[in-house]
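Dear colleague,

I am passing this structure on to you, together with a short account of what was found in it. Please look through the sequence and the model first; the notes follow below.

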Amino acid sequence: MAHEVRGVVARGKGQPVSLETIVVPDPGPGEALVAVQACGVCHTDLHYREGGINDDFPFLLGHEAAGVVEAVGEGVTDVAPGDFVILNWRAVCGACRACLRGRPQYCFATHNATRKMTLADGTPLSPALGIGAFADKTLVAAGQCTKVDPSASAVAVGLLGCGIMAGLGAAINTGGVTRGDSVAVIGCGGVGDAAVAGAHLAGATTIIAVDVDDTKLDWARRFGATHTVNSRDTDAVEAIRDLTGGFGADVVIEAVGRPETYKQAFYARDLAGTVVLVGVPTPEMRLELPLLDVFGRGGALKSSWYGDCLPSRDFPMLVSLYQQGRLDLDAFVTETIALEDVEAAFEKMHHGEVLRSVVVL
């Protein structure tokens with residue numbers, strides 16, 4: 001049986017998205033059909049629309065989502081119809097070299113659904129990050145469904161499916177922020193502010209937010225920033241050093257994805273400190289650093305993949321913190337919108353007018 005539903009489709013590079021009828025098949029072995037309740041508008045979706053990920057158009061956009069399992073295929077035991085789940089794009093395989101070494105958060109062979117969702121004319125769709133959740137229903141690998149407490153708000157906890165998890169995890173998992181640390185976050189959009197929130201959760205005592213937009217710096221204060229720096233007016237490296245006794249921060253998280261801001265992060269850390277790159281660069285970008293500085297400053301230069309998260313471990317824990325009032329996921333939601341408003345949400349994102357727009361279905 002196939003299900004005809006609405007979905008937001010990007011047909012070509014740079015073209016406005018369109019709301020179209022899509023066909024979603026019943027789940028095959030190892031797959032799950034999910035009725036989507038809410039899906040955040042993430043910058044990665046805009047990257048897909050702009051052709052910045054690949055050129056496998058048409059794309060079914062949307063990936064930062066929560067919903068209810070409607071049906072499962074043969075062999076699925078971890079989730080069942082009726083389960084409230086957050087969707088993830090790291091369905092670990094359990095058999096690759098990373099999984100076998102006890103590091104499933106780095107799984108190199110993550111699962112996606114094999115059956116194809118299509119346009120009404122039969123054209124296969126490429127689901128964003130293997131999910132495609134700007135739709136009434138989507139088909140995913142069952143491992144992409146993480147069961148959480150059904151009393152949680154889908155609008156809020158769905159954001160853990162991508163951007164918020166990326167930022168929280170960059171601080172807690174990749175950066176290893178712990179009590180008493182000093183942390184600087186460069187770039188205070190959704191991911192950067194989540195990194196600020198993660199540093200606050202971990203017990204950092206100095207949290208410095210850096211951006212060129214005072215509105216975004218105001219957002220960062222709400223999530224736990226103790227100091228803010230507008231790098232349009234102030235040298236970010238000098239300001240971070242001044243705020244950390246002249247030394248630099250223990251952990252600097254770069255949430256922009258540009259060579260210029262990465263260099264700021266590199267020189268704003270303390271000796272033997274850690275730089276975490278969670279901002280996503282584009283293919284043509286290049287970084288040049290004196291190799292002697294890389295050697296002489298010691299420490300660690302890390303990239304954060306999806307916040308180095310393990311959804312089965314991290315999502316339920318973070319949902320619990322949200323329900324306890326210790327993690328304010330609601331504060332990330334600037335507006336709720338309908339499926340037909342996704343293109344307008346991209347424009348607001350481009351102009352920095354929103355922290356997160358969330359589609360509600």
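**Aromatic pairs**

Tyr 306 counts as buried, at 3% relative accessibility (buried means under 20% relative accessible area, exposed over 50%, and partly exposed in between, with a 1.4 Å probe and protein chains only). This is a predicted model, in which local features need pLDDT of at least 70 and side-chain atom pairs count only at pLDDT 80 or more, while totals for chains, interfaces and linings use all residues. Residues are numbered from 1 along each chain as its sequence is written, and side-chain values use heavy atoms, with hydrogens and water left out.

The structure holds 6 aromatic pairs (rings of Phe, Tyr and Trp, the last by its six-membered ring, pair if their centres lie within 6.5 Å; planes under 30 degrees apart count as stacked, over 60 as edge-to-face and the rest as tilted). One of them joins Trp 89 and Tyr 306, whose ring centres are 4.1 Å apart with planes at 10 degrees, so this pair is stacked. Trp 89 is in the loop between β6 and α2 (97-100), and Tyr 306 is in the loop between β16 and α10 (311-323), so the pair ties together parts 217 residues apart in sequence. Helices (H or I, at least four residues) and strands (E, at least two) are DSSP runs, numbered from the N terminus. Trp 89 is partly exposed, at 23% relative accessibility.

Another pair is formed by Tyr 106 and Trp 305: the ring centres are 6.2 Å apart and the planes at 90 degrees, so the pair is edge-to-face. Tyr 106 belongs to the loop between α2 and β7, and Trp 305 to the loop between β16 and α10, so parts that are 199 residues apart in sequence are tied together. Tyr 106 is partly exposed at 29% relative accessibility, and Trp 305 is partly exposed with a relative accessible area of 46%.

**Strands**

An open sheet of 5 strands has the order β7-β2-β1-β4-β8, with mixed pairing (two strands pair if DSSP finds at least two bridges between them). Its edge strands, β7 (118-119) and β8 (126-127), each pair on one side only. Strand β4 (residues 59-60) runs parallel to β8, joined by 2 bridges, and Leu 60 stands opposite Pro 127 in β8.

Strand β5 (residues 64-72) pairs with β3 (residues 31-40) in the antiparallel sense over 8 bridges; here Ala 38 has Ala 66 of β5 as its bridge partner. β5 also pairs with β6 (residues 84-87), again antiparallel, over 3 bridges, where Val 68 stands opposite Phe 84.

**Cores**

Which residues touch the most other members of the largest nonpolar core? They are Leu 160, Ile 253 and Leu 329, in a core of 54 residues (a nonpolar core is a set of buried Ala, Val, Leu, Ile, Met, Phe, Trp, Tyr and Cys residues joined through side-chain atoms within 4.5 Å). Helix α4 (residues 163-174) gives this core its largest share, 6 residues. Apart from this core lies another, of 32 residues, including Val 17, Cys 39, Ile 131 and Met 349.

**Cysteines**

The structure holds 0 disulfides (a disulfide is a pair of cysteine sulfur atoms within 2.5 Å). For Cys 42, the nearest cysteine sulfur is that of Cys 162, 4.0 Å away. Cys 42 is buried, at 5% relative accessibility.

With kind regards
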